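Hi,

Here is the structure we talked about, with my notes below it. Have a look at the model first, then read on.

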Amino acid sequence: MYPDENKLETECGRCQSCARENAEKNIGAVTGKEEIAVAVAGQPNTGKSTIFNRLTGLNQKVGNWPGKTVDRKEGRVVRGDRVYRLVDLPGTYGLTANSVEEEIARDYIVSDDPDVVVAVVNAASVERSLYLVAELAELNTPIVIALNMMDVAKHEGRMINARQLSAAIDLPVVPMTASMNRGVDQVFKTLDAIDLQHPQKRNSVELPSEVRRLAALLDSPYSLPYPKEWAASKLIEGDYKVIQAVKNALKDGKWKDEKFKAIETFLSEHKEAAKAIVGRRQQWIDEACKKAVEDVKNCRSPSEKWDRVFLHPLWGRLIAFLAIPIAALLGILLGMFTGGQVLFAAMEGGPKIKAAWPGMIGSMVADGLAPALGWITALVCIIGFIYAIFYFLEDIGYLARISFLTDTFLRRIGAGGKSAIPLMLGLMCNTVAIAGTRVVETRRQRLVTIVMLPFLPCAGQTMVAAIFTLAIFPVKTAIIILIGLTIINFLAASLAGKFLSLTVPHPRTDGMIMELPLFHRPNFRTIFGGVRMRIELFLRRAAGVIFFGLLIIWAVSYFPKGEIQTSYLYQFGRFLEPAGSMIGLDWRFMVALLSSFFAKEITVGTLAVLFSVSASDQQAIMQAIQNAISPAGALAFVVASHFYIPCLGSMAVLKSELGSWKKTLPLLAGMFILAFALAFITYHAAKVII
Amino acid sequence: MFRTKLLKWCRKLHKWIGVYIGILTMIWLIEMVVLPLMFNPGLPVVDGPPLTAQYGNAPLSLQQAMQSFMDQQPEGIASAAELDEMAYLPGNGVYRFAIKERFLEWYVEAKTGKILKYGFDSNRFLMEKGMLGWVHPFVTRLVKTPFEFLFIFLAITGLYIVFYPRKKKKNRLRTGCLLDMALGEKLSFMGVSEVTLMGRLAAVGLLPGVPIQMLRIRNRGPVVILVRHTCLALGRDIGARVMMSREAA
C-alpha cells in the first residue's frame, strides 16, 4: 500500500523476532488455511487481556515488540478454514501516542495493517471507551466491538443495548462478560462472519474538510508509513510522532522544503481544526449512545464507598504503605515455603552427592548444579507469588489508587504517581522494576525513576543484610540497623532523583492524567496468565545468567587443584585484599561482594562455599560470619552490599532503558564510588563507636 | 510581605511540629495500653507510695524478712536469688524487694515480715520502656530530646497564628479553571488551549460540553473528577489548564 512498507519489511526481516513472525505467517500458507491477523485493542482497564486470554487459551507466545522492552503477547486459534493470529496490544486511550505503549499499539494498527481489530469497550464507561472506536472507524480496517464488563455496568446502574449500539455505528457489537466467559464464543462467530474481501460498511466519523485539504498536501510519490487522511488528522491534532515522521521524510530528501512549509502554514492557519475534529468524534459518540445507553437513576457506585477509605489522604496512605510491604513479604514467604524448600533440599543433599561421586563431577553437581537449580526454583516461586499478589491488586483496581496517593510526594523529587509501582517493585527485584518503568508517562519522570531504582535494596540485598546483622548484633540492634539502612537507601534514591530532576531540562510536561478504574472482582485467569508470562520472561532473560553465574563461581572456587585454598577465586580474593582491608573485609567477603554482581541472592551462597559450610544451614553461615568478621567490618559489608552496583540482569535492563552504555556507566561508577565511600566511613566510624 | 512570609512559615512549622507531637502522642497512648499487657506477667499494679506499717516492735533483720517473704511463696518470683534490690524504708517501716529488670516489687512489713503490697511497677516501666524505649534506649533519647524545644515552638507559632490569622479573600473571582471547582460541584468542560493536551484529554472522555463532577480536591496533590462514569485523577498542572464553563452542568 505504501512504498516505505517494503523497505520496513526487508529491514525487519533480519531480526529474529520478525523472522519467527514471518515463519509463523507461512504456516497458514503451508496448511492451506487463511491466516487472519487480529489486533486486540482497547483502552486501559477495559478487560482487554482477559478477553485475549479467553480467546487464545494457553496457545500464547510471549516476546518483545521489536526494539522495545514492552511485552508482546500473541496467540493462534484455528477455526474452520481460518487461522486467527491474535495480538494483544498494549492499552491505549486513542491513536495519538503519549507513551511507548500507546505508540506500539498505534503503529501496529495503523502501519502493520492487521486484518481485523477487536476493539474492547468497557460497558461501564462506554462513552469514554468509544473514543478509540471513533478513531479506529476512521481507518479502513474491519472492526469487531467487544462490549465487555456488562456485569460491572449493571452494578453501576447502566443498561447498554448492544443491538441499538451496533445499529447506530454500523459495526458488529458483541456484549460480553469475559471474566465469566460469557460472549467469548460470539466474538469468534462474528470474526468468522467478516468478509475480508470487501470493505466493511460502517458509520464512521465525518471529519472536517481541513483534514481532506491537508491530506491532499501530503499527496506525493514518496508517502508516509501512515494513511494520508489519518496522518493529516494527526498533524492537526499535534501528534509529535507523526510530525516527526513528516520531518524525517523531509530529511531523507523525499519531500521538498516548500511542501513542508506549506504544511506548516496550513497548520498555523487552521488551529481551530483540532477542536473541530475532537468535536466531530464527540458528536459521533453522543449519537451512538443516545439510544443505546440508559442510566438507572440514583444508583450509587460501590467504588465510591471504597474510595472514601482508599483515597483518603491519611487512611488511604496508611493502607497503601502497609499493604505493599505486606504483599511483598507474603510473596517472599510463600515463595520460600514452596520453591525455597527445593533449594534447601538441593543444598542438604550436597554431602550425599559428594560421597556418592567423589571428585570433580560430585563437586560440580553438589556445589554448582544443584544449588543453582535450587536458587532458580526458589526465585521462580518468589517472583511468581509476588506478581500474583501485585496482579491481584492491579486487577481489582487498587494499584491505580496507590499511584494517585503517592503522586504529590513523588512529583517533588522529579518522579510521578505512576513511578510508585516500579519503585515498590524495586524493593523486591530491581531488574523487574526497571523494566516496569515503561508505565511512567514522561521521559523525564521515567529517567528519574530508573536512576532511583538501583539505590533501593532488592529482596536479595535485604536478605544478605539481615543475615549479616543478625549474625553479629542482637536482634533489636539488627532490626534498627536494617531499618536505618533502608531509610538511608530511600534518602539516597530521593537525592539521586532530585539531583537528576534539577539537571535534566524541564519541558512543560502534560502531567498526570490517570484513570481510577472501578473496583471489581479479580479474574484469576488473567492473574495467572500474567504470572505465567512473567515467569517465562524471567526464565528466558535472567535465569540463565544466574545459573551460569553460580556455575562460574563454583568453577573458579574449584579449579585448578580441586580445593578452595588454591583456587583462582582465592587468588583473586587475595589480590583484592588490600582494598578490602580499608573497609575491614578479608578476601572471602570481597569475593562474596564481587559474586553479587551476578545476582544479589548468591552472596550468601558464595560465602557458604568459601566457609565450606552447607548453604542451607543458616546457623552455620551466621556462626562462620561471626568468627570471620568484626562488627565494624560486618556493618561496612552490609552498607557496601546495599549501595553496590546492581546485578547483571538489572544492568542489562538499565542499559536497555537508558539507551546506551554512555549513560549507564556513569551511574554505575557513581554507585560503586558511593558504596566504597560509605563503607569506608561506616567501618571507621563503627570502629570508634563499637 | 515579611509578615505574610512569617505567617506562612509559622503555619508550616506549626503543622509539622503538630504532626510530630501527634504521632508521638499516639505512640505513647498505644504503648500505655499494649506494653503493660506484653511485659506484665499478670501481677497487680504496684503504683503509688508504699504502705506505711505500724510502729512498735523492732523490725526484723533483712535475713528474717527475706525468709518470711519467701515462706509466703510470693507470686512472680521463684527464688530469692532473682531479687536485685533489697532495701529497708525506715520512713514507712517496710522492706522493699524488687526485680528491677522485670519491674516487679514487693513491700514487706518490717515488723512482721508480711507482704503488704506487690506487683508490677507500671510507672517506672512506662518511663523506661515507653516512647520507643522498648526498641532501644537511644531511640527514646532521640525522640524525646527535641520534644520540649519543639513544644515551645509549637506554642509560639500557635500564638502567632491566633493573633495574625490568615485573611480570607473576599469575593474570590472564579477564573473558570478546574482547580477552582468546589467539592461535589458539577460544571461543564470547556476546553484547553493546547492542541496536544486537548487530544489527550479527549481520549479519556474530556470533550467540550461534557459534565464534570469534582470528587476530590485538596490544597495540594492531584484532583479526582467524575467524567462520563469514569473517575479520573488529574495533576494540578493539568487542572490549572483545564477551563470550565461557569454554568452548572
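Let me start with one residue of chain A: D192(A) is partly exposed, with a relative accessible area of 32%. For that label, buried means under 20% relative accessible area, exposed over 50%, and partly exposed in between (1.4 Å probe, protein chains only). Before going further, some housekeeping: this is a predicted model, where local features need pLDDT of at least 70 and side-chain atom pairs count only at pLDDT 80 or more, while totals for chains, interfaces and linings use all residues. Residues are numbered from 1 along each chain as its sequence is written, chains are lettered from A and ligands numbered from 1 in the order in which they are written, and side-chain values use heavy atoms, with hydrogens and water left out.

Salt bridges within chain A

What does D192(A) form a salt bridge with? Its partner is R79(A), with the closest N and O atoms 2.9 Å apart. (A salt bridge here is a side-chain nitrogen of Lys or Arg within 4 Å of a carboxyl oxygen of Asp or Glu.) This pair links distant parts of the chain, 113 residues apart: D192(A) sits in helix α8 (residues 184-193) and R79(A) in strand β3 (residues 71-79), both of chain A. Helices (H or I, at least four residues) and strands (E, at least two) are DSSP runs, numbered from the N terminus. R79(A) also counts as partly exposed, at 24% relative accessibility.

Next comes R106(A), which forms a salt bridge with D107(A), the closest N and O atoms being 3.1 Å apart. R106(A) is buried, with a relative accessible area of 0%, whereas D107(A) is partly exposed at 22%.

R158(A) and E127(A) also meet in a salt bridge through their side chains (2.8 Å, N to O). R158(A) lies in strand β7 (residues 158-160) and E127(A) in helix α5, so the pair ties together parts of chain A that are 31 residues apart in sequence. Both R158(A) and E127(A) are buried.

There is a network of salt bridges too, linking E135(A), E138(A), K234(A), E237(A) and R281(A). Over all chains, the structure holds 29 salt bridges.

Where the two chains meet

The contact (heavy atoms within 4.5 Å) takes 41 residues from chain A and 37 residues from chain B. How much area do chain A and chain B bury between them? About 3500 Å², 61% of it on carbon and sulfur atoms; buried area is the accessible area (1.4 Å probe) that two parts lose on being put together, summed over both.

The rule finds two salt bridges across this interface. R411(A) and D237(B) meet in a salt bridge at 3.9 Å, N to O. On the side of chain A that touches chain B, the elements giving two or more residues include α5 (126-136), α18 (399-412) and β10 (513-516) of chain A. The most comes from α13(A), with six residues.

β10(A) pairs with strand β8 (residues 230-234) of chain B in the antiparallel sense, over four bridges; strands pair if DSSP finds at least two bridges between them. In that pairing, E515(A) stands opposite L232(B) in β8(B).

One residue in chain B

K117(B) has its place in strand β4 (residues 115-120) of chain B. K117(B) is buried, with a relative accessible area of 17%. The C-alpha atoms of K117(B) and P44(B) are separated by 9.2 Å, and the two residues are 73 apart along the chain.

Cheers
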